[in-house]
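Keep the structure open as you read.

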Amino acid sequence: MNHRQRIASTFVATLSTAALNLGAASAAFAGGTPSPAERTAATIEKATGTTDIAPTPAPGTTIPQRSTGVAKASTATGDAVSIALPGVKNGTGAKAGKNTTVYPGAKATDLAVQPTTDGGIRALAVLKDATAPREQSYDIGLPASARLVKLDNGAVAAIAKGGAFLGGFATPWAKDANGNPVPTSFRVDGTTLVQSVRTTDSTAFPSSPTPSGWTMRPRESPPE
């Protein structure tokens, strides 16, 4: 088994990132007018589901109070990894939904972070209309000399100096507001992970909550 095959077969902890394109979830607010944060959280949770959202972050996992902070979690080797939100304005997060923290975004993009029940975190970006960027760049803080490696299945593994597996971003996926799949992929630029979605004139918005989080297992397909 070569090194790349070994990485792919030993996903114990993963940074799972995926682009979800989805519509609004207005039915949850029959009793009143939702805030912008509540609308964003409802849209995200409709796509991701809520069964794997943890009521509190696991030990070693932190969710930033401000959008310019970084989300942090532990790796498979006990080291720390951090994830910076892409293209953010400096604003305070608002907790909404089951436990989704929503931050003010920029360029028609909403942002959010969720703690997950497997001890990790999940960051998300929602493209609200066709003017939103088609790429989201996540600066990943890794232990010294660690690197990101793209795998043949589109996933990206985080590898420590000497070859120890730290975790990885699972193969990305995307859907538009009507539930239709949208092509999406990763590329690696040093320790920056860039996710692209390829929309067309028929892509329905609001779209693209982009989960990017450290979890204890990979997610290779969108939730049903």
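Start with a charged pair. Glu-135 and Arg-187 form a salt bridge, and their closest N and O atoms are 2.6 Å apart. This pair links distant parts of the chain: Glu-135 belongs to strand β8 and Arg-187 to strand β12, 52 residues apart. How exposed are the two partners? Glu-135 has a relative accessible area of 36%, so it is partly exposed. Arg-187 also counts as partly exposed, because its relative accessibility is 41%. The model is a predicted one.

How many salt bridges does a search of the whole structure find? The search finds three. Another of them joins Asp-52 to Arg-122, with the closest N and O atoms 3.0 Å apart. Here, too, distant parts of the chain are linked. Asp-52 sits in the loop between α2 (36–48) and β2, Arg-122 sits in strand β7, and 70 residues separate them. Are these two buried or exposed? Both Asp-52 and Arg-122 are buried.

Lys-128 and Asp-110 also form a salt bridge, and their closest N and O atoms are 3.4 Å apart. Lys-128 is in the loop between β7 and β8, while Asp-110 is in strand β6, so the pair ties together parts 18 residues apart in sequence. Lys-128 is partly exposed, because its relative accessibility is 40%. Asp-110 has a relative accessible area of 14%, so it is buried.

Now step back to the whole chain. It has two helices and 14 strands. Of its 224 residues, 51% count as buried. The accessible surface comes to about 9900 Å², and carbon and sulfur atoms account for 51% of that surface. Consider contacts between residues at least 6 apart in sequence: 63% of them join residues at least 24 apart.

Next, the sheet that holds β8 and β12. It is an open sheet of five strands, ordered β2-β3-β8-β13-β12, and the pairing is antiparallel. Which strands stand at the edges? They are β2 and β12 (184–189). Each has a single partner strand, so one side of each is left without a neighbour in the sheet. On average, neighbouring strands of this sheet are turned by 25 degrees against each other, direction ignored. Strands of a sheet pair through backbone hydrogen bonds.

Look at one end of that order. Six bridges join β12 to strand β13 (residues 192–197), and the two run antiparallel. Asp-189 has Thr-192 in β13 as its bridge partner.

Ser-82 gives a view of the other end. This residue lies in strand β3. Its relative accessibility is 17%; the cut-off for buried is under 20%, so Ser-82 counts as buried. What does Ser-82 touch, leaving aside residues up to four places away in sequence? Its contacts are Val-70, Ala-71, Lys-72, Asp-139, Ile-140 and Gly-141.

Move on to the hairpin of β10 and β11, which has five residues between its strands. Gly-162 in the turn has a positive phi of about 95 degrees. Strand β10 (residues 156–159) runs antiparallel to β11, and four bridges join them. Ala-158 has Gly-167 in β11 as its bridge partner. Why is β11 (residues 165–169) described as largely enclosed by the rest of the structure? Because five of its five residues are buried.

Ser-145 is placed in the loop between β8 and β9 (147–150). Most residues other than glycine have a negative phi.

Finish inside, with the nonpolar cores. In soluble globular proteins, nonpolar side chains tend to be buried together. The largest nonpolar core here has 23 residues. Those that touch the most other members are Tyr-138, Ile-140, Leu-142, Leu-148, Val-156, Phe-169 and Leu-193. Elements giving two or more residues to this core are β2 (70–74), β3 (80–84), β6 (109–115), β7 (121–127), β8 (135–141), β10 and β11. The largest share, three residues, comes from β7. Apart from this core lies another, of eight residues, including Ala-41, Val-102, Leu-124 and Val-126.

Definitions and conventions
Residues are numbered from 1 along each chain as its sequence is written. This is a predicted model: local features need pLDDT of at least 70, side-chain atom pairs count only at pLDDT 80 or more; totals for chains, interfaces and linings use all residues. Side-chain values use heavy atoms; hydrogens and water are left out. Buried means under 20% relative accessible area, exposed over 50%, partly exposed in between (1.4 Å probe, protein chains only). Two strands pair if DSSP finds at least two bridges between them. A nonpolar core is a set of buried Ala, Val, Leu, Ile, Met, Phe, Trp, Tyr and Cys residues joined through side-chain atoms within 4.5 Å. Contact means heavy atoms within 4.5 Å. Accessible areas come from the Shrake-Rupley method with a 1.4 Å probe; for residues, only the protein chains shown count as cover. Axes are lines fitted to C-alpha atoms, for helices over the stretch in contact, and angles run from 0 to 180 degrees between N-to-C directions. A salt bridge is a side-chain nitrogen of Lys or Arg within 4 Å of a carboxyl oxygen of Asp or Glu.
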